[in-house]
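This report is for a reader new to the structure. Please look over the sequence and the model shown here before reading on.

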Amino acid sequence: MRLRALTAAALAVALLGGCAWSVDPVERLGPQVAQRARIHEPSSAEPAYSRWGLTAPLSPAPHPPDRPPGTRTAGSGLPPVVDRVRTRDKVVFLTYDDGAEKDPRFVDMVRELRLPVSLFLTDSVVGPGYAHFARLRSAGATVQNHTLDHPALRGLPYAGQRAEICGQQDKLRSRFGIRPRLFRPPYGTYDTTTLRAAADCGVSAVVLWSASMEPTGTLTYADGEHHLRPGDIVSLPSNDPTGTTLRKRTERLLRKAQGRGLTVGRLEDYL
C-alpha cells in the first residue's frame, strides 16, 4: 500500500510539473479522454469565402486596362449607353440599385471578399440611411447616381430630367464629397433628353445591364446566351420584403460566376 501511495504521489507531481514528460499533456489523460478534449479545442478561423457560401476563394480580378474598352456613343457630346463591357477579361460587374436594403452583414461581405461593387443610389429610397453606404464605401464600394426620386425619365421635359439627375449629383457630393461619373436611369428607360441632361450634370456614361438578379433569386438575361459572360453588368435591385435578401442573392450570383470561371471586376475601371 505504501509503494502504491508513493507511485501515485510521484505521478501527480510529474503531471503538475511536466518536466519528466515528453508527450502532449493532453495525452497524459489517456487516449479516450484526450480525444474528447480535442473535440472542444478551438479550430482555425473559417476562411472568408466559406463564411459567405462559397466553396473556393474568388479569383483576383485582372489588372484593369490602361485604356477602357470602347463603348457605343449616343451622339455628339452625349454620354455612351452601356449594358455590358467589351472585354475579354473574365470579369462580371456587380451593380446595386436604389438603396432600400441596409443589411450590416452585407458591409462585412463586401469588405471580407473585397468586392468592388457599384451602388446606384436614389435619395428618396436611401432616406436617412446614407451612413450605411458610407460604410460600404469604406469597404471598397463606389457610389453612383440613380436620381432623386426614381421616376421613369423617358418623355419628361428637360428641366425635370435635369433636376432629377443633377439634384442627386449634388446630394451625393454633399454626403460623400464626390460627383459620380456614372448614371443609371430608373427602370432602364431613357431618351435623348435624358442623355443631354446627364451630360450637363457631368455624367460620362449611362449604365444599363445585361443580366439581373431578381428579388426571387432568379438570374435573368436581357438577350443572348442565358448564362454569365465576360463583361456582363449585373443589376441587383432593392429587395422585395418577401424576396431573397441582397446578401443571399449576391452569394448565389458569385457561385454562378465562379461556375463560369469568372470573377468580379470594378466597373469604374472599364468605363
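## The model

The model is predicted: local features need pLDDT of at least 70, side-chain atom pairs count only at pLDDT 80 or more, and totals for chains, interfaces and linings use all residues. Residues are numbered from 1 along each chain as its sequence is written, and side-chain values use heavy atoms, leaving out hydrogens and water.

## Helix α7

Helices here are DSSP runs (H or I, at least four residues), strands are runs of E (at least two), and both are numbered from the N terminus.

Among the buried residues of α7 are I165, C166, L172 and F176. Buried means under 20% relative accessible area, exposed over 50%, and partly exposed in between (1.4 Å probe, protein chains only). The buried residues of α7 pack against elements including β3 (118-121), α6 (130-138) and α8 (192-200); contact means heavy atoms within 4.5 Å. G177 follows α7 and has a positive phi, near 80°.

D98 is not a glycine, yet its phi is positive, near 80°. D98 lies in strand β2 (residues 91-98) and is buried, with a relative accessible area of 13%.

R114, also not a glycine, has a positive phi near 55°. R114 sits in the loop between α4 (104-113) and β3, and is exposed at 73% relative accessibility.

## The largest pocket

The largest pocket is lined by 13 residues, and D97, H150, Y187, W209 and P237 lie nearest its centre. A pocket is an open set of points on a 1 Å grid over the protein atoms alone, where a 1.4 Å probe fits, with protein on both sides within 12 Å along at least five of seven lines; lining residues have an atom within 4 Å of a point.
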